[in-house]
Amino acid sequence: MKVIAKPSFLIFQTEMAMLTLGHSKLNATLALGFPSNCIRRMGLITKLRYSVTDRTFTSNSVDPIPSKSDSVRKRGGGSSSLYIRPSLSEMKKEKAAIREKVYQFLRGIGIVPDELDGLDLPVTVDVMRERVDFLHSLGLTIEDINNYPLVLGCSVKKNMIPVLDYLGKLGVSKSAITQFLQRYPQVLHASVVVDLAPVVKYLKGMDIKPDDIPRVLERYPEVLGFKLEGTMSTSVAYLVGIGVGRREIGGLLTRYPEILGMRVGRIIKPFVEYLESLGIPRLAVARLIEQRPYILGFGLDEKVKPNVKSLQEFNVRQTSLPSIIARHPDIIGTDLKPKLVDRRSLLNSVLDLDPEDFGRVVEKMPQVVSLGSEPMLKHVDFLKDCGFSLEQIRKMIVGCPQLLALNIDIMKLSFDYFQTEMKRPLEDLVTFPAFFTYGLESTIKPRHKVVAKKGLKCSLSWMLNCSNEKFEQRMDYDTIDMEEMEMEPSFDMNSLMQPRSDESNSDYEDSDEDNE
């Protein structure tokens with residue numbers, strides 16, 4: 001070991017100055033007046049001392065060459081180094097071990113974690129347990145979580161609570177939140193500002209009242225996941241284009257918000273065009289959608305077309321299909337064929353009604369397919385008690401199937417008046433069974449009194465089957481028009497196509513492709 005001739009005290013002071021104060025090495029040594037060779041040696045010593053600050057130095061250490069053990073310690077990443085970091089493989093192993101613990105916890109409570117690979121999960125089992133417990137508090141079961149396990153990637157504080165608070169402020173009830181999340185758990189991933197608020201703003205812009213927003217969301221929570229420029233806008237535009245009133249859109253969407261998720265080219269347009277092909281004008285279809293928007297949800301290939309085919313198989317004439325659907329559109333969305341089989345069998349057993357007559361019954365009152373067997377039998381028994389023969393009853397039912405659905409107590413009152421005051425033969429009722437469909441106090445009594453006062457002899461049809469205004473005109477006739485006597489009530493398709501004050505033509509062009 002070489003010894004410096006100058007006092008080591010001064011060297012020690014120099015090192016302290018350079019290490020503690022950070023002054024320039026050159027200036028500090030020159031200020032003390034050391035020879036140049038000492039300066040160079042001290043520079044090496046100082047450089048070593050200055051570059052490694054986490055070690056303990058002695059004032060007489062002058063060897064500038066690091067020891068072999070130090071070199072090995074540096075290369076090997078000894079525990080004394082401040083710059084030690086776990087290797088990538090070690091980090092992966094540690095992360096996998098943590099994930100496996102979380103997976104074991106989930107498997108232990110019945111949750112299958114297979115779909116969670118690649119998803120950021122909590123670093124501890126406790127945090128995962130908190131999420132599961134919170135979901136349980138919302139009413140979700142293990143089965144619900146297994147249906148959408150990705151919900152476990154949602155933070156309680158960062159994701160779930162903000163979304164639930166927002167839904168609560170909109171008015172979504174706590175009692176509905178469980179079913180809401182069962183149908184659309186993806187909402188818990190959403191951003192209130194970026195995803196949810198714009199959709200709610202759009203719904204309000206469609207004239208859905210703020211108080212109805214919760215109802216819309218509870219009925220169709222999936223709407224919160226739609227893009228504004230996609231299916232929602234095109235479906236509304238198409239409906240307006242075929243004649244749905246703009247002022248009707250808000251109420252229509254409130255009652256059946258599922259329309260917002262229907263693609264024009266795949267669902268709405270084919271449905272409209274099929275009804276047109278049956279003979280229902282497009283504007284009439286638009287009015288039906290306004291009145292019963294849920295008919296758009298009847299599967300065209302699954303329900304509508306098979307039901308139309310069934311009607312034809314049961315002797316409903318092609319020309320009657322538009323009237324049947326316009327009056328009772330629900331008939332094309334029900335499980336129709338079994339009902340037709342059952343009702344035809346019943347009426348055939350009770351009235352000996354042949355297939356052709358059954359077809360006429362359905363044409364005049366399509367609701368017959370929904371009538372219960374017991375009420376129908378009670379009405380037949382009532383007519384029997386009135387003195388009508390089986391053949392007369394069959395003729396009356398075919399002529400006016402509504403007799404199978406009217407209030408029997410009211411029918412009794414009308415029949416009593418017919419017998420005691422009008423004193424007409426039963427055959428008049430066989431000829432015009434619709435007599436029972438008119439109000440006794442509002443129509444039958446006042447008109448009968450006028451006719452009796454004038455001493456007119458007329459049919460029940462001529463007296464009843466007209467408006468009040470038309471009836472007053474008839475009272476001025478010198479003779480009775482026989483053609484008017486034979487007139488039967490019928491459905492007028494034009495009644496569905498009355499113009500609206502808010503109607504305007506739309507330039508919306510039909511497209512088989514939807515922008516989404």
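Arg287 is placed in helix H15 (residues 282-291); helices here are DSSP runs of H or I with at least four residues, numbered from the N terminus. This arginine is buried, at a relative accessible area of 3%, where buried denotes under 20% relative accessible area, exposed over 50%, and partly exposed in between (1.4 Å probe, protein chains only). Its side chain reaches the backbone oxygen of Gly243 at 3.0 Å.

The model is predicted, so that local features need pLDDT of at least 70 and side-chain atom pairs count only at pLDDT 80 or more, while totals for chains, interfaces and linings use all residues. Residues are numbered from 1 along each chain as its sequence is written, and side-chain values use heavy atoms, with hydrogens and water left out.

A further buried arginine, Arg360, has a relative accessible area of 16% and belongs to helix H19 (residues 355-364). Its side chain makes a polar contact with the side chain of Glu363 at 3.0 Å; a polar contact is a pair of N or O atoms within 3.5 Å, of which, within protein, one must be able to donate a hydrogen and the other to accept it, and residues adjacent in sequence count only if both atoms are side-chain atoms. Apart from neighbours within four places in sequence, Arg360 is in contact (heavy atoms within 4.5 Å) with Asn315, Val316, Arg317 and Val398.

Asn315 is found in the loop between H16 and helix H17 (321-327), and Asp352 in the loop between helix H18 (336-351) and H19. Both are non-glycine residues with positive phi.

| Residue | Phi | Relative accessible area | Class |
|---|---|---|---|
| Asn315 | near 70° | 22% | partly exposed |
| Asp352 | near 55° | 54% | exposed |

The axes of helix H14 (residues 264-277) and helix H16 (residues 300-313) come within 12 Å and cross at roughly 5°. H14 is therefore roughly parallel to H16, a description that applies to angles under 35 degrees. Axes are lines fitted to C-alpha atoms, for helices over the stretch in contact, and angles run from 0 to 180 degrees between N-to-C directions. Pro270, Phe271 and Tyr274 of H14 meet Leu300, Val304, Lys305 and Val308 of H16. By class, this contact has 6 nonpolar, no polar and 1 charged residues.

Cys386 is buried at 9% relative accessible area, and Cys400 is likewise buried at 4%. The count of disulfides, defined as pairs of cysteine sulfur atoms within 2.5 Å, comes to 0.

Definitions and conventions
Helices (H or I, at least four residues) and strands (E, at least two) are DSSP runs, numbered from the N terminus. Angles under 35 degrees count as roughly parallel, over 145 as roughly antiparallel, 65 to 115 as roughly perpendicular and the rest as oblique. Ala, Val, Leu, Ile, Met, Phe, Trp, Tyr, Cys and Pro count as nonpolar, Asp, Glu, Lys and Arg as charged, and the others, Gly among them, as polar.
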